[in-house]
Amino acid sequence: MPYKNINRRQFVQHSTTAVLATALAPQLLAQTANPPMGKFGAESTAEEVTEGIDLTGKVAVVTGGNSGLGYETMRVLALRGAHVICTARTLEKAEKACASIEQGKATPVVMELTDHASVRSCAKAIKAISPTIDMLICNAGIMELPELELVNGVEKQFAVNHLGHFLFTNELLDQVTAAEQGRIVIVSSMGYQWAPEGGIVFDNLDGSKGYEPMKAYGQSKLANSLFALSLSDKLANTTATANSIHPGIINTNLGRHFPAWKRIAASLIGWTFMKSVEAGAATSCYVATNPALEKVSGNYFEDCNPVTPEGPYMLDKDLAAKLWTTSEELTQA
């Protein structure tokens, strides 16, 4: 997996003890063959990658649009003419974020990803706002919770980062496929490499057999990408697409649970390897809007370009199928 900034890669590698297998999985999910490489890269911003793209009449949904990468994604899509629906954990946060958008239209809605009733209620509200969704960007997330926390009997990072978005996306799938060319963008992370041996440890989703913050985060991010791959297969006979992305390493409130040494390092030397928020939102915006990606599905992007994932799990069809079935069971009403 080619990383253009070696300092960034070294920093992340040195912060994890995960050991990865190198053999490719024997069964692979469908991906777009030879997806096009673009002219943008690690330093490109969301405004730059969307320059000249008119999103007038399009509807976008951004989860966690009240802060960080989600807010910048919302701001830029609205700037280009899209009607952006912003989800946040409280109406106050969503309203404040939408009110601060200086150009374009943004509508606030409430969604708590740990609460399945809230997820369904939010999806219902969005359906009432628009019968179609052109861009569904699953951006919200949490990272490296220091202590094990459970949501409905499931480790919280897996519950928020994956299960909440799994349910939300499936609730809105008809609206995405009803659009002229709906796009689903799942914000994953190169942290998928930190997932435990086996990728998704189905008999330890409650953390009862051990909990390590980074491995749990890695498992949830691997689940994000496997979900996008499965979606790509299921959308094969539609005009809709699904891809996952790594936004880069950015100093946002996603790192609020980091150990003190990581927060100090980020504040002191983060400028040497971290992206700006403007650059961090670029890959999501690029994959959601670029005309060249109209038929590109099932791929993983970094720095606005498709890359080949490392390790045996990201393209494992059996693992993805089991994850889908398990996710359905864990999110059923």
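Predicted model: local features only at pLDDT ≥ 70, side-chain atom pairs only at ≥ 80, totals over all residues.

Student: Which residues of H3 and H11 meet?

Tutor: From H3 come Thr 73, Val 76 and Leu 77, and from H11 come Ser 284, Cys 285 and Thr 289. By class, the contact of H3 with H11 comprises three nonpolar, three polar and no charged residues.

Student: What makes H6 and H8 roughly parallel to each other?

Tutor: The axes of helix H6 (residues 156–171) and helix H8 (residues 213–234) cross at roughly 15° and come within 7 Å. The limit for roughly parallel is an angle under 35 degrees, and H6 and H8 therefore count as roughly parallel. Their crossing, that of H6 and H8, is right-handed.

Student: Which residues bring H6 and H8 into contact?

Tutor: On the H6 side, the residues include Phe 158, His 162, His 165 and Phe 166. On the H8 side, among them are Tyr 217, Lys 221, Phe 227 and Leu 231. The contact of H6 with H8 has eight nonpolar, nine polar and one charged residues.

Student: How do you know whether Thr 238 is buried, partly exposed or exposed?

Tutor: Thr 238 has a relative accessibility of 32%. Buried requires a value under 20%, and exposed a value over 50%. Thr 238 lies in between, and therefore counts as partly exposed. Thr 238 is placed in the loop between H8 and strand S8 (241–246). From Ala 178, Thr 238 is 60 residues away in sequence and 9.1 Å away in space, C-alpha to C-alpha.

Student: Why is Asn 204 counted as it is at 16% relative accessibility?

Tutor: The value of 16% is under the 20% limit, so Asn 204 counts as buried. Asn 204 is found in the loop between strand S7 (183–187) and H8. Leaving aside residues up to four places away in sequence, Asn 204 touches Lys 209 and Gly 210.

Student: What is noted about the phi of Asp 303 and of Cys 304?

Tutor: Most residues other than glycine have a negative phi. Asp 303, a residue other than glycine, has a positive phi near 50°. Cys 304, also a residue other than glycine, has a positive phi near 65°. Asp 303 is in the loop between strand S9 (300–302) and strand S10 (305–307), and Cys 304 lies in the loop between S9 and S10.

Student: How do you know whether Asp 303 and Cys 304 are buried or exposed?

Tutor: The relative accessible area of Asp 303 is 0%, which is under 20%, so Asp 303 is buried. Cys 304, at 1%, is also under 20% and therefore counts as buried.

Student: How much of the protein chain counts as buried?

Tutor: Of its 333 residues, 58% count as buried. The protein chain contains twelve helices and ten strands. It exposes about 14,100 Å², of which carbon and sulfur atoms supply 52%.

Terms used. Residues numbered from 1 in each chain as written. Heavy atoms only, no water. Axes fitted to C-alpha atoms, helices over the stretch in contact; angles between N-to-C directions. Helix = DSSP H or I, 4+ residues; strand = E, 2+ residues; numbered from the N terminus. Parallel < 35°, antiparallel > 145°, perpendicular 65-115°, else oblique. Left-handed = near helix turned anticlockwise from the far one by under 90°. Contact = heavy atoms within 4.5 Å. Nonpolar A, V, L, I, M, F, W, Y, C, P; charged D, E, K, R; others polar. Buried < 20%, exposed > 50% of the residue type's maximum accessible area, 1.4 Å probe, protein only. Areas by Shrake-Rupley, 256 points an atom, 1.4 Å probe, with all protein chains shown as cover.
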